[in-house]
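Opened the model today and kept notes as I clicked around.

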Amino acid sequence: MPSAADDWSTRHSVLTNARRAAALVNALTGDSPDPGEVAEILYAYGESGTIDLTARDLAEMSTAAARLREVFAATDADGAATVLNRLLSEHTGPLRLTSHDGDSPWHPHIDHHDDAPWGAWLLASSCLALTVLVWDRQRPPGRICASPSCPDVFVNQGSGPDRRYCSRRCATRERVAAHRRQRA
């Protein structure tokens, strides 16, 4: 029978953290991110307790999201590593283990302390996950959707060819548009 720590580890895996980063980058892109949507994403990816995001929290998280978007824009592992190395150097603390005073299993953090502001936490935890994906796969951890009408980022998974679109919906929309252009 799996332990609570096993369930926690699954909910907080590197890939899950990278997907959370992409979801937050998407939610925080634009002029006025919805605090309810951002909180929903945090809850969906394992955060607990009350999440009351202030305007300052959202502004700091939006700044972090813009910096993380640069990683998703990288076209190769060298580009992703360059951006990640800069972000790690400028915005994170040393690698450390924390259990949040025994409230969770031990896990790595590179933010400066357990009570770091949301923006610092988002940038640090996302950089850690995206760094491990570059290390593991030797390619960018994700990309920006190739659809000109979609600004979303996504995590590339698997060993097959890289995806170009964030979803089947965007891929289908672009395929239909190309077909219509050819017929016109």
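**Helix packing, H4 with H5.** I started with the crossing of H4 and H5, and H4 passes H5 in a left-handed crossing. For the record, a crossing is left-handed if the near helix is turned anticlockwise from the far one by less than a right angle, and right-handed if clockwise. Helices here (H or I, at least four residues) and strands (E, at least two) are DSSP runs, numbered from the N terminus.

Before going on, a note on what I'm looking at: this is a predicted model, where local features need pLDDT of at least 70 and side-chain atom pairs count only at pLDDT 80 or more, while totals for chains, interfaces and linings use all residues. Residues are numbered from 1 along each chain as its sequence is written, and side-chain values use heavy atoms, with hydrogens and water left out.

Back to the pair: the axes of H4 and H5 come within 8 Å and cross at roughly 155°. Axes are lines fitted to C-alpha atoms, for helices over the stretch in contact, and angles run from 0 to 180 degrees between N-to-C directions. H4 and H5 are therefore roughly antiparallel; the cut-offs are under 35 degrees for roughly parallel, over 145 for roughly antiparallel, 65 to 115 for roughly perpendicular, and oblique for the rest. I listed who touches whom: Arg67, Leu68, Glu70 and Val71 of H4 meet Ala80, Val83, Leu84, Arg86, Leu87 and His91 of H5. Contact means heavy atoms within 4.5 Å.

**H4 with H6.** Next I turned to the other partner of H4. Helix H4 (residues 55-73) packs on H6 at an angle of about 20°, with the axes 7 Å apart. From that angle, H4 and H6 are roughly parallel to each other. The crossing of H4 past H6 is right-handed. On the H4 side the contact includes Asp57, Glu60, Met61 and Phe72, and on the H6 side Trp118, Gly119, Cys127 and Leu130 are among the residues involved. Arg67, Leu68 and Val71 of H4 also take part in this contact with H6, and I had already noted them against H5.

**H2 with H3.** The axes of H2 and helix H3 (residues 35-44) come within 10 Å and cross at roughly 175°. That makes H2 roughly antiparallel to H3. Ala23, Leu24, Ala27 and Leu28 are the H2 residues here, and they meet Glu37, Val38, Ile41 and Leu42 of H3.

**Asn17.** I stayed in H2 (residues 14-28), where Asn17 sits. Is Asn17 buried or exposed? Asn17 counts as buried, because its relative accessibility is 15%; buried means under 20% relative accessible area, exposed over 50%, and partly exposed in between (1.4 Å probe, protein chains only). Its side chain makes a polar contact of 2.9 Å with the side chain of Arg20. By polar contact I mean a pair of N or O atoms within 3.5 Å; within protein, one must be able to donate a hydrogen and the other to accept it, and residues adjacent in sequence count only if both atoms are side-chain atoms. Leaving aside neighbours within four places in sequence, Asn17 is in contact with His12 and Ala129. I also checked Leu130: it is 113 residues from Asn17 in sequence, yet the two C-alpha atoms are 8.3 Å apart.

**Arg139.** Arg139 is in the loop between helix H6 (118-137) and strand S3 (142-144). Arg139 is buried at 16% relative accessible area, and its side chain makes a polar contact of 3.2 Å with the side chain of Asp162.

**Loops around S1.** Pro94 lies between helix H5 (77-91) and strand S1 (96-98) and is exposed at 63%. Beyond four places in sequence, Pro94 is in contact with His109 and Ile110. Phi is positive in both, near 50° for His100 and near 55° for Asp101. His100 is partly exposed at 25%, whereas Asp101 is exposed at 80%.

**Cysteines.** Cys150 is buried at 10% relative accessible area, and Cys127 is buried at 0%.
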